[in-house]
Amino acid sequence: MRQRGALVAALAIVALVAAACSGGTPSAHSGSTTTSLAAGIGGWSSAIHLAPGVDLGVVSCPVAGYCVAGSTAGVTYRLAAGRISDLGPAIPAPSPQGTDFLTCPTATECVAVPSTNQASVFNGTAWGAPATIAGAQGFTAVGCAGASFCAAIDGEGNAFLFDGSRWSGNVGAWGAANAISCTSAQFCVAAEGGPSIWNGRAWSQPTDSDTQGQLNGVSCASASFCAAVDSDGDVLTWNGSVFSAPLPIATELPVTGTDASGLTSVSCPSATFCVAVDSIGRAFTFNGTKWDAGLLIDNGHTLTSVSCASPDYCVTVDRQGNAFVLDSSKA
């Protein structure tokens with residue numbers, strides 16, 4: 001987890017980036033609009049039309065007030081300091097996978113693996129030329145712990161590491177992952193059917209921690225606390241040694257007819273605060289002891305991803321191109 005000083009520094013970076021967006025020369029895809037937060041439900045804003053009609057599959061918020069979202073068509077969008085910007089595709093000709101597989105470890109770096117064997121890095125201004133990764137066969141997840149360490153896994157269980165400038169060869173995993181969360185170069189968790197742990201040298205064989213459903217998301221606040229969510233509406237927590245038994249928090253049947261069901265994503269900026277979202281538009285909050293009953297913030301729509309920069313700031317996105325913001329600092 002970032003310490004307070006690091007967060008203050010990162011917020012300063014956000015201010016600079018936001019200033020550049022409003023006053024600098026825009027790129028070919030950087031047309032931007034302003035937005036305001038209207039009150040919604042339980043501290044969440046009402047819908048912000050980040051990309052109307054667009055199927056958003058992921059959002060990543062490295063610091064409060066700055067988020068990047070990706071669509072299943074491969075286009076990326078930024079929500080920063082009240083401005084919405086179209087950042088264009090992460091890769092010029094993205095595959096149908098789109099940018100569901102995107103993460104931003106800092107306000108000036110995002111990593112996306114939207115192609116079968118290519119990755120691209122966003123530097124806060126534009127996406128760079130894609131790198132082709134030999135041996136990769138259809139990426140399914142990426143996670144980063146800062147700008148100098150990322151891990152990506154493909155559909156065949158091949159894993160590759162990024163050191164900030166180049167990708168490694170295959171370090172091997174056990175299967176396709178739906179999500180990866182890393183707190184350091186020595187600790188990551190991948191949701192590979194069952195959770196798999198990276199210890200800095202190798203991935204452990206996935207455990208049978210969850211026999212109820214498919215793991216859809218995982219988020220680690222530290223090497224001693226993670227939460228994983230599944231398609232059956234359950235949460236599993238990691239205590240540094242093992243994952244708990246599945247705990248049901250979303251009891252209604254999931255929406256059918258989509259590729260997301262039950263709980264779809266989770267974000268834990270600390271061991272005492274997490275937010276999980278589900279396929280019928282609810283957000284659930286963990287206070288370090290228990291999960292609440294959930295708030296229906298996006299009635300009938302699938303919330304696909306959630307990212308919390310801190311316990312005071314979270315953003316979730318849906319399949320209609322909307323974003324919802326929880327900003328407790330302004331309460």
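**Figure 1. The disulfide between Cys61 and Cys67****.** In this predicted model, Cys61 is joined to Cys67 by a disulfide with an S to S distance of 2.0 Å, a disulfide being defined as a pair of cysteine sulfur atoms within 2.5 Å. The torsion about the S-S bond of Cys61 and Cys67 is about 105 degrees, so the link is right-handed. Cys61 and Cys67 are both buried; buried denotes under 20% relative accessible area, exposed over 50%, and partly exposed in between, computed with a 1.4 Å probe on protein chains only. The structure holds 7 disulfides. Because the model is predicted, local features need pLDDT of at least 70 and side-chain atom pairs count only at pLDDT 80 or more, whereas totals for chains, interfaces and linings use all residues. Residues are numbered from 1 along each chain as its sequence is written, and side-chain values use heavy atoms, with hydrogens and water left out.

**Figure 2. The disulfides Cys104 to Cys110 and Cys220 to Cys226****.** The sulfur atoms of Cys104 and Cys110 lie 2.0 Å apart in a disulfide. The S-S torsion of Cys104 and Cys110 is about 95 degrees, so this disulfide is right-handed. Cys104 and Cys110 are both buried. In the disulfide of Cys220 and Cys226, the sulfur atoms are 2.1 Å apart. The link of Cys220 and Cys226 is right-handed, with 105 degrees about the S-S bond, and both cysteines are buried.

**Figure 3. The salt bridge between Arg319 and Asp55****.** Side chains of opposite charge can pair when their charged atoms come close. A salt bridge is taken as a side-chain nitrogen of Lys or Arg within 4 Å of a carboxyl oxygen of Asp or Glu, and by this rule the count comes to 2. In one of them, the closest N and O atoms of Arg319 and Asp55 are 2.9 Å apart. This pair links distant parts of the chain, 264 residues apart: Arg319 lies in the loop between β26 (313–318) and β27 (322–327), and Asp55 in the loop between β2 (48–49) and β3 (56–63). Strands are DSSP runs of E with at least two residues, and helices are runs of H or I with at least four; both are numbered from the N terminus. Arg319 is buried at a relative accessible area of 18%, whereas Asp55 is partly exposed at 24%.

**Figure 4. The salt bridge between Asp278 and Arg282****.** The closest N and O atoms of Asp278 and Arg282 are 2.7 Å apart. Asp278 counts as buried, with 2% relative accessibility. Arg282 is also buried, with a relative accessible area of 9%.

**Figure 5. The open sheet of β21, β22, β23 and β24****.** The 4 strands of this open sheet follow the order β21-β22-β23-β24 and pair in an antiparallel manner; two strands pair if DSSP finds at least two bridges between them. Leu295 in β24 is the bridge partner of Ala283.

**Figure 6. The surroundings of Thr272****.** Thr272 is placed in the loop between β21 (263–270) and β22 (273–278). Leaving aside residues up to four places away in sequence, Thr272 touches Phe286, Asn287 and Gly288, contact meaning heavy atoms within 4.5 Å. Phe225 and Thr272 are 47 residues apart in sequence, and their C-alpha atoms are 9.5 Å apart in space.
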